[in-house]
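Here is a short briefing to read alongside the model. Please keep the sequence and the structure open as you go.

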Amino acid sequence: MHDRREFLGSLAALGVVPLTLLAQDGRVATVTGEVAVRDLGMVLMHEHLMVDFIGAGKVSRSRYDADEVVRVALPHLKEAHDLGCRTLVECTPAFLGRNAALLQRLSQASGLRIIANTGYYGAARDKHLPAHAFKESARDLAQRWINEQRRGIDGTDILPGIMKIGVDPGGLSDIDRKLVEAAAIAHRATGLPIASHTVDGTAAHQSLDVLDAQGVAAGAFIWVHAHNEGDDASLKRAAERGAWVEFDGIGPDSVDRHVQLVKMMADAGHLGRVLVSHDAGWYHVGEEGGGTFRPFDTVFRRFVPAIRAALNEAAVTQLLVTNPAQALARRA
Ligand SMILES: [Zn+2]
């Protein structure tokens with residue numbers, strides 16, 4: 001490991017590798033074991049393989065056939081792998097259909113690394129929060145997530161590589177604030193990054209204030225769905241604070257908009273704070289055959305060539321390899 005650093009150091013001195021690659025220390029748990037973040041390759045930071053929107057009170061593994069989910073999802077994972085993707089972060093939280101064992105099976109069958117999550121989703125007006133989330137303290141909730149990071153998810157030995165929470169837009173509600181506090185507490189214990197479904201700048205900046213008060217650096221926070229914030233100043237301010245700003249709605253109809261956003265951030269000197277993904281997929285539990293599965297290909301087929309044209313090849317590497325590695329590295 002040391003030799004590699006020295007080797008990279010001498011290459012960097014010659015200007016052959018970007019210096020940022022030297023900062024790629026750290027490790028992350030995938031559903032098939034822990035890996036060095038520098039080995040993650042091209043990463044899709046925010047995707048879904050299976051989601052059940054029925055609500056926290058009714059979600060159940062009896063509502064789907066795991067074999068059918070594998071049949072539907074596997075070709076899409078193989079396609080992403082064929083297009084050069086090596087790691088996919090699965091952002092479906094508990095009580096929305098998270099099934100770590102199924103993710104492990106899909107990872108083994110596709111050859112794509114998958115990263116699972118811990119945490120609760122407080123967006124959608126709290127429909128996906130279990131009853132205990134309202135009764136317990138932030139510390140109690142954090143302890144549940146810490147336990148998953150130490151012992152495994154749902155009785156498996158599969159560890160989460162990231163926290164995924166969600167809050168509603170606007171000022172943080174009491175329960176949303178509690179989830180962010182819990183994430184901060186769990187981050188201090190586990191070093192897991194916090195990806196938060198935070199659509200607008202008000203909620204994002206209030207979340208960053210909560211982390212700040214809890215002594216957690218903004219670099220631990222990923223502002224998920226930031227492309228929905230129309231105020232560029234708010235996006236730049238989040239990057240200036242040190243947060244990750246994730247434009248994760250890349251689809252056939254939104255390539256241009258995402259390229260513009262990335263270019264705007266790059267022009268402001270914030271390319272090093274930007275993450276990208278599709279927020280696509282998934283097998284919809286409760287729909288015939290899983291409904292419509294949106295593929296994980298637009299980033300590779302259309303967004304990458306567009307970024308290469310608008311910026312350069314180094315920007316592609318930064319967005320899909322270097323930034324994700326840095327964002328996913330557990331801060332022990
Ligand atoms: Zn999502």
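This is a predicted model: local features need pLDDT of at least 70, side-chain atom pairs count only at pLDDT 80 or more; totals for chains, interfaces and linings use all residues.

A polar contact is a pair of N or O atoms within 3.5 Å; within protein, one atom must be able to donate a hydrogen and the other to accept it, and residues adjacent in sequence count only if both atoms are side-chain atoms. Residues are numbered from 1 along each chain as its sequence is written, and side-chain values use heavy atoms, with hydrogens and water left out.

**The annotated site**

- An unreviewed UniProt entry lists H46, H48, K164 and D279 under "binding site"; UniProt positions are given in the numbering used here, feature names are shortened, and annotations may be inferred rather than shown by experiment.
- These residues are spread over 234 residues of sequence, yet they cluster in space, with a largest C-alpha distance of 13.4 Å.
- H46, H48, K164 and D279 from this set belong to the lining of the second largest pocket. On a 1 Å grid over the protein atoms alone, a pocket is an open set of points with protein on both sides within 12 Å along at least five of seven lines, and lining residues have an atom within 4 Å of a point.

**The zinc ion**

- Which residues hold the zinc ion? H46 (NE2), H48 (NE2) and D279 (OD) coordinate the zinc ion at 2.1 to 2.3 Å.
- Donors are N, O and S atoms within 2.8 Å of the metal (3.2 Å for Na, K and Ca); water is not among the atoms, so sites may look incomplete.
- Along the chain, the donors of the zinc ion follow the spacing H-x1-H-x230-D.
- H48, in the loop between β3 and β4, and D279, in the loop between β12 (274–276) and β13 (283–284), are 231 residues apart, and the pair links distant parts of the chain. Helices (H or I, at least four residues) and strands (E, at least two) are DSSP runs, numbered from the N terminus.
- D279 has a relative accessible area of 18% and is therefore buried; buried means under 20% relative accessible area, exposed over 50%, and partly exposed in between (1.4 Å probe, protein chains only).

**H48 and K164 in their surroundings**

- H48 is buried, with a relative accessible area of 9%.
- Neighbours within four places in sequence aside, the contacts of H48 include E90, C91, K164, D279, W282, F293 and F296; contact means heavy atoms within 4.5 Å.
- K164 lies in strand β8 (residues 162–166) and is buried at 2% relative accessibility.
- Not counting residues up to four places away in sequence, K164 touches H46, H48, C91, N117 and Y120, among others.
- A polar atom of the K164 side chain lies 2.9 Å from the backbone oxygen of C91.

- Leaving aside neighbours within four places in sequence, N117 is in contact with residues including C91, R98, E148, I162 and K164.

**Aromatic pairs**

- The whole structure holds 4 aromatic pairs; rings of Phe, Tyr and Trp (its six-membered ring) pair if their centres lie within 6.5 Å, with planes under 30 degrees apart counted as stacked, over 60 as edge-to-face and the rest as tilted.
- The F95 and Y120 rings have centres 5.5 Å apart and planes at 80°, so this pair is edge-to-face.
- F95 lies in the loop between β5 (85–90) and α3 (100–110) and Y120 in the loop between β7 and α4, so the pair ties together parts that are 25 residues apart in sequence.
- F95 is partly exposed at 26% relative accessibility, whereas Y120 is buried at 6%.
- The rings of F293 and F296 have their centres 5.7 Å apart and planes at 80°, so they too are edge-to-face; both F293 and F296 are buried.
- One aromatic cluster is formed by F95, Y120 and W145.

How values were computed
On a 1 Å grid over the protein atoms alone, a cavity is a set of points where a 1.4 Å probe fits but cannot get out, and a pocket is an open set with protein on both sides within 12 Å along at least five of seven lines; lining residues have an atom within 4 Å of a point.
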